[in-house]
Amino acid sequence: MARPKKIDLVDREWPVIRERIHRDGTSRTWQVDSNVEVGTEGRVRKSFKTRTAAEGFAGRLRLKYAREGAVAFDLTEAERIDAKTAIDTLRTGGAEQVTLASAVAYYLRHAAPKKGDITLADLVDAYIDNRRLAGLREASIERLSRRCGKFARFAGPKRLAKDIGEHDIESWLSSRNLAPQSRKNDLAEIRALFEYALAPDSYKGLQTIAKRNRRASLPIENRGGYVGTNPASRIEPPTVEQAEIVILDNAAVARLLAEAYRTRLTQPQDGRPATPDHLCLLPYVAIGLFAGIRPFEIGRLSWDAVDMETENPAITVTKAKTRLSGVRDVDIHPTLARWLAVCPTPHSGAILDTVNFPKRFQALTRQAGIERWPQDAMRHTFASALYAHRRDAGYVATQLGHSRGVDVLIKHYRKLMRPAIAAAFWDLTPEKVLSDSMADVIPFQAA
């Protein structure tokens, strides 16, 4: 973008808004500027593509500091005198532009932490060890290690953790040039990393990140860790728009099932899928479509979790990201039971072979005539069909493993599928989809 040619003051209230007209004469931005340091954030300057967005941010900033200013009335007289003395000390020392909050943040960051000094690289290693001992799965450990490792390499692995500031994190996030959801995920991981650094001996996970850490006007106290404040606590996560939920029509479902059945076998030579004719994804597709289990949850399942012998057949699914968490049971619909019966034997070990899974699944959808795969299409299709069929939001939410009850279900799935279409979906049995190609069906056998 061209450098600004002209800057006009739009709003004389605090914080000010400046219109920046660029040299091309057509593009412009609006910048919100606090002019002075505020709290522990330093000087706030942020640009927006529209004036409406800039005015909205300025209004939120005004409201935020108006509310935080009211906290001063909760101070005792001695605390107010102490604060006034500290401010006067800053002024007489030639630091009149430094706020008391930023001075306290500087002290906590640079004073010797109670736990001692630690480099950023060593902090990442200690955090990963903590999460592994907490029972986090290796796939999640790998993701944490990758994200935190990238940040450490960007900010400087040999820098002390207490010297890392908000600017370092903001710069890393900006350099990544990611979509809002990915940026939000990155920020959450770094916030968790420094939450651990605040109290490594008592850290229990992401749930310990208190809301006050993000909203308090003053930094939290040093809790006996490697750092005095969490530099990520004041960075606002980006707004993520809710993606439109897209479901598969019954014709696409039938093609997907037929293709998954045709390519259901593994490669005979070494047991590894290697060609488009040996994808070995039939169990994955059947469970995704007719049980609505999340893709990463299917990746954890073994055939031992599939119980077909009881009065109420069900699949036992791990609820959360750690091995130590609880489980939920997902009912096996008769249609799913029929598809499981035609899956290749032996029914033992992992349900999904994860080797080259993305390429194999892409090949499957392409061969089924689905050029662009909608996000979570099988789970969304299942939820819509089950709700249209049962009309029981509580039951469907339980099957999906929704922790927030029926709100998400009612909001997103209620009107996506008509009952007649849902009935046809549940009628997509192997007999219906494969018609006369059932000569080599192998009966279901429990592991």
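Biologist: What pLDDT does the chain average?
Modeller: This is a predicted model, in which local features need pLDDT of at least 70 and side-chain atom pairs count only at pLDDT 80 or more, while totals for chains, interfaces and linings use all residues. Residues are numbered from 1 along each chain as its sequence is written, and side-chain values use heavy atoms, with hydrogens and water left out. The pLDDT is the predictor's confidence in each residue, from 0 to 100. In this chain 75% of the residues score at least 70, and the average is 79.

Biologist: Which helix has the lowest confidence in the chain?
Modeller: The chain has 18 helices and seven strands, assigned as DSSP runs numbered from the N terminus (helices: H or I, at least four residues; strands: E, at least two). Confidence is highest in helix α10 (residues 282–291), at 95. At a mean of 38, the lowest confidence belongs to helix α8.

Biologist: How many contacts beyond four places in sequence does the model have for residues 207–222?
Modeller: Over this stretch pLDDT stays under 50. Where pLDDT is low, the predicted coordinates should not be read in detail. With contact defined as heavy atoms within 4.5 Å, the number for residues 207–222 is 39.

Biologist: What percentage of the 447 residues count as buried?
Modeller: Buried means under 20% relative accessible area, exposed over 50%, and partly exposed in between (1.4 Å probe, protein chains only). On that basis, the buried share of the 447 residues is 43%.

Biologist: At roughly what angle do the axes of α5 and α7 cross?
Modeller: Arg143, Leu144, Arg147, Cys148 and Phe151 of α5 meet a set of α7 residues including Asp186, Glu189 and Leu193. Axes are lines fitted to C-alpha atoms, for helices over the stretch in contact, and angles run from 0 to 180 degrees between N-to-C directions. Helices α5 and α7 are therefore classed as roughly perpendicular (65 to 115 degrees; under 35 is roughly parallel, over 145 roughly antiparallel, the rest oblique). The axes of α5 (residues 138–155) and α7 (residues 180–198) come within 10 Å and cross at roughly 85°.

Biologist: Is Thr365 buried or exposed?
Modeller: Thr365 is part of helix α13 (residues 357–367). Setting aside residues up to four places away in sequence, Thr365 touches Leu256, Ile370 and Trp373. Because its relative accessibility is 6%, Thr365 is buried.

Biologist: Against which helices do the buried residues of α13 pack?
Modeller: The buried residues in α13 are Phe357, Arg360, Phe361, Ala363, Leu364 and Thr365. These buried residues pack against α9 and α10.

Biologist: Which proline is joined to Thr345 by a cis peptide bond?
Modeller: The omega of this bond is about 5°. The proline lies in the loop between α12 (334–341) and α13. The residue joined to Thr345 is Pro346.

Biologist: What phi does Asn356 have?
Modeller: Asn356 is also in the loop between α12 and α13. It counts as partly exposed because its relative accessibility is 46%. Although Asn356 is not a glycine, its phi is positive, at about 55°.

Biologist: How far apart in space are Ala254 and Lys432, C-alpha to C-alpha?
Modeller: Ala254 lies in helix α9 (residues 250–262) and touches Leu428 and Val433, not counting residues up to four places away in sequence. Ala254 and Lys432 are 178 residues apart in sequence. Their C-alpha to C-alpha separation in space is 8.9 Å.
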